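I opened the model to look up how its chains meet. My notes follow the structure.

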Amino acid sequence: PRLPSRNGESSEKSIKAEKRAFSEIKNATFLNIPERVEHSLTFPTEIWETRDGLFEEPVGKGDSHLNHTSVMTGNWNILPYPSFGKVSPNVTWHTTLRNIVMSQSGRFSANLYEYVDGNSDGISFVLNLENNNDTSVYHMTFHGDRVKPINVFLGSTDVTPNFGGVDVIPWLLKDSPYKDAPPLDGTEYFPLLQNRSLERIETRLQDAQTVGWSPLVFEEEEVTCSAFVFLHNKNTGLDKETLKAIENEFYHPQGVSTQKMPEVFVSGLVYSPDCNVAFTFSNTKGPRNFVLENHLVRFSSLYIFIVLSQIFVLLRQMRINSPSHVQRLSFLTIAMQAGLDAYIAIFFLSTNAVIEKGYLPFVSVAFLSLVPSVMFTMRYLALILRVQNSNMPPPAPRPVTNNSSNNNTNQSNASNENSPNAPSAANDNTETTTVNPPQEDDQPMTQHERDQRDWSAVCLRFYFIILVVCIASLYSAFWPVIYRFYFISALIFTSYSFWIPQIIQNVKQGTSRSFTWTYILGASVLRLYLPLAIFIDSELILGFPPKYFFALGLVLWMLFQVLVLLVQDTLGPRFFLPKKFFLSSPVYDYHPVIQQDDLEAFMRDANVCPICMQPIELVSTGSTLNPASMMVRRNYMLTPCHHLYHRQCLLQWMETRSICPVCRCHLPAV
Amino acid sequence: MSSANIVPSNMGITKFLLLTISTSSVVAGVFALKPFFHINFGLHLLSHYQYWRILLWQFIYWNSTEVFQALFIIYQARDVERLLGSHRFASFCVYMFILGMFVTPIFSFLYSLLFKNLDYIQPGPTFLIFAILYQYYYIVPSTVFVRLFNIKFTDKFQMVIPMIGLAFSHFPSTFINAFLGWTMGMFYHLSLLPGTSWRLPIRFVKPALSPTHVFIRPPYSDMQNASTFNPETLFALPTGLDAERTENENQVENPVSNADANDSPTRQNARATAIASSSNTAASFRNRQQISHPPLGRTSSSSVLPTGPASQLYDMLSGRSERPELGNIREEDINTVQTIMQTSRAQAIQALSQTNDVQRAVELLLEQTADY
């Protein structure tokens, strides 16, 4: 049992066991090995040979790092030997680990922590082992010591009643029983490692006295494979003073230039005696923790500028708030971007909690993303909702019947949804309408009440979606890499489809001009920074290697959306769909073929634009289908009331109001 | 609110100093550039040859406390610019900035040879600020005197605490900086330094001198006050101020309906009351004669700020650009719309309340009539 009853017996038993272990290790020598340790030290020949080979690897010039704390990724391979995987029947495998080891090789990521302390430093080595197609992951944690003079790290998983664990570390440098010439002399470093082992037992003893539980006596419920790790690091090529100066510059910056910090290079061997498996990895490299953090700080510092430009572009767009312009904007396009901004803010705030340095840039990015999301974008959303609501006709009068109110609701909703004049409202508000039961059956809701109701529904959904996505992302941190990668790509590709609702809106309304081009291009380009960084440059943080094709795919996807918007602007919003789909809601064609001769049907000087008083070029007589006449036709606009304008002149006016400047007829949206 | 209202128009250089010091310090903090601004003689100059630090060290403050104290002092001493004139003040600042760039490092270096307690020069324009402070103490007259325990305090006493804070924030280096700044400010004032008559080329100062338009009240109320101006009211005594104010607050609640009653004795906006507070009878006198116009409870920004980016930003932040109906309706506009469209008063108010703009209201009414 993991935690036994805290009666005197169990705690007495634990304390006794720890005290015995302490005296055992204390009285032992390098050659006189205690029985409990010797039991864990029966390695196959291949393991000893691989260990010796590891220790004999050349270390390179210079000194090794003063502190090896780092993040690394690499590949592992199993170390095959005759008895590989053959275990006694009472050993229970962890199924995930078994699957991973049986896949022969795969990727892993690891965090190495070193706690600098005198001659021999303590280490922790956290290994996230993945199988060869990245679909499952297993975490192993080793604790142990660094033996500085020989570039060696020794570690082990925790002690169990059957396994010596960290208590065996002093003897892990034991001479191989099958070889004459050992690569290094274990006796020399024995006293040091023995002392550290005794320190660890003392700590356990204190725990046993307070909790009444010792790993020597009680076993974990879930039996896993216990293992040893041997690591061998390379030298950096720099001398100690330089390395010290580089580290100082990070922890106490003086603004002086230093050399680049070399990466940590480590080769290793992991062997599990009870599961009888072993695997190796060689020359795995990774940056020191502070190099990685500096990299993140630079990334977010640049991102501050990106977010500022995003806000600038958004504010430029928000200046245009005439109802006839806002009417044509898609609610979802803005809402998706607001959601994205809110999510980025939360993402940066939570990253900020984990990193040591660079608090300010991260918080700045979070704040700056939150500002447009909760202030500007939200207000723009409210404006769009209000304008599009107000352009929707009031609900049809309810028939006076004696039916239940429930029936009434359905009828009015049906009439609301099916009314042909409310294409935009049907986009987002149908669900809202059905959700709300009518409180006042006698009076219809006022405009203001409708706005408020829709707005609260929108806010509720908006924050609910963000909450769900955030919780899912938190969970994704513990998923196997490949699932995490698919989750992240799905998230990115969904949220970066924000022009799609606008394209659909254009088709539905038959309008082609929506956001300003500054905004469309600005938002598309600036928003690409973060996902491209995630796809290309996040191996050490999110765990997957650079995905250049996904990055390229995202860029092309954005380009495609922008191109569709551009073509809709020039060729008409429904250019890619056959006309028969839209028989019920035809679009008025502002660019009919008008030839010089047709003008006689109007009046003299009809080809003068009433806005700028300049003549309008018309299609010359001849073929009306050639491309040149197409371009000419795009330059003028004929209103339904038969007034002719320059395209630019009339469009500029229609940003303000949708009436004909000459006769005040209503103009259909462009 | 716009900075145009906080810093009067003829203090461009002071405004520039305030903005530069706060912005540069915040930017340096956010982008982790702080370690590039202090000077450690042994490390930076002798072993790393970073002589560019001498040009940079005065640009930022490390601590927000120092920034706050510096901003406080510069703002309180803004009358120096008024008395010297912007051009001369700008020349003075540049002169002192360049002087401090070299004087403080040289003196600090000599000091560090004698005593061992100076490790580095703390960055920040303390030198310049103390030079301005000297001008403030010896040029600007005090306005308030208080005698407390036989000691005479003036309004300049408020500067002592931020002064101490700036001078002692990092003892030897900031104190040397402050002391030298004060001394050099004195030398400049007494013309003991060479080139005190030097002036910046005028083209550098011109942007700061550009005339700014500050409309505290909407123009129409200015015209009104001018037309009903009575010199007698200037010398009347204030009485019953509070009663008037509460009446005004009641008025603010309901702008449109009150606009009807032309003879109401308290047709005055809160701002006008504040202006007239020195002479209450003036206010009531004017009230009786006034043509009706509604009280400005929540004025549109166009009446507070000059048109320009500031007012646009203000409108955007307050949401007024999207909902102009939040502002109030002017009686003049109602009259205009009524005259143009020949509609009833209620219709005109309704159209204006939807748009708050005469042109748009007319268009709206036109569209409505077209629909019928």
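I worked from a predicted model, in which local features need pLDDT of at least 70, side-chain atom pairs count only at pLDDT 80 or more, and totals for chains, interfaces and linings use all residues. Residues are numbered from 1 along each chain as its sequence is written, chains are lettered from A in the order in which they are written, and side-chain values use heavy atoms, with hydrogens and water left out.

**Entry: the interface.** I looked up the contact (heavy atoms within 4.5 Å). Chain A puts in 24 residues and chain B 24 residues. I then took the buried area, the accessible area (1.4 Å probe) that two parts lose on being put together, summed over both. Chains A and B bury about 2,300 Å² between them, with 59% of it on carbon and sulfur atoms. In chain A, the most area is lost to chain B by Gln254(A), Arg379(A) and Arg657(A), together 24% of what that side buries.

**Entry: charges.** I searched for salt bridges (a side-chain nitrogen of Lys or Arg within 4 Å of a carboxyl oxygen of Asp or Glu). I found zero between chain A and chain B.

**Entry: helices.** I took helices as DSSP runs (H or I, at least four residues), numbered from the N terminus. H7 (289-318) and H10 (359-390) of chain A each supply at least two residues of the side that touches chain B. H10(A) gives the most to that side, with eight residues.

**Entry: H10(A).** I checked for a bend, the angle between axes fitted to the seven residues ending at a residue and the seven starting there. H10(A) bends by about 35 degrees at Thr377(A).
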